[in-house]
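Hi,

Here is the structure I promised to pass on. Have a look at it, then read my notes below.

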Amino acid sequence: IAVTRGALDRLNRDELQGVIAHEFSHILNGDMRLNIRLMGVLFGILMISLIGRKVLYLGGGRDRNAAAIMMAALVALVVGSIGMFFGRMIKASVSRSRERLADASAVQFTRQTAGLAGALKKIAGLSEGSRLRDRADAEEASHMLFGDGVGFSGLFATHPPILERIQA
């Protein structure tokens, strides 16, 4: 578990306890194991798409089976791309449910709601929230943050809305 400088500077003791309890509950509830499995499945689907793309890029040559190879590569690219779309939706949905569980477990660990709710309120009050500055690789790490690090909403959001989390 890591705590950012911003969290240390802005959060009081109870709020930090709530944040740490939230992250600790991810470990206790087996979320790391689940995330590793999801990453493996998504990588497998991504590889189908990448293989199709690479074969299309390299071309089939002048072989008499080139058309069949190119068609198979196109199918792999399309299937892999559709799989990645639905895989990311599933990853986000699982992540949202695990975040709700982590919030509930954090309250159970600390025996008080004010700390976690206060930390969430402070995140909601910041103009940048918990978004990462460098968005190039932010999507891959977004599920590991305390709040939504990318700014996705709806089906691709990795965290429930902050107001919903505070009310819960």
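Which side chain meets aspartate 9 in a salt bridge? The partner is arginine 5, at 3.7 Å from N to O. Helices are DSSP runs (H or I, at least four residues), numbered from the N terminus.

Before you go on: this is a predicted model, where local features need pLDDT of at least 70 and side-chain atom pairs count only at pLDDT 80 or more, while totals for chains, interfaces and linings use all residues. Residues are numbered from 1 along each chain as its sequence is written, and side-chain values use heavy atoms, leaving out hydrogens and water.

The structure holds six salt bridges. Glutamate 15 is buried at 7% relative accessible area, whereas lysine 122 is partly exposed at 33%. (Buried means under 20% relative accessible area, exposed over 50%, partly exposed in between, with a 1.4 Å probe and protein chains only.)

There is also a nonpolar core to find: buried Ala, Val, Leu, Ile, Met, Phe, Trp, Tyr and Cys residues joined through side-chain atoms within 4.5 Å. The largest has six residues, including Leu116, Leu120 and Ile123. Helix H5 (residues 114-125) gives the most to this core, with three residues.

Cheers

Conventions:
Helices (H or I, at least four residues) and strands (E, at least two) are DSSP runs, numbered from the N terminus. A salt bridge is a side-chain nitrogen of Lys or Arg within 4 Å of a carboxyl oxygen of Asp or Glu.
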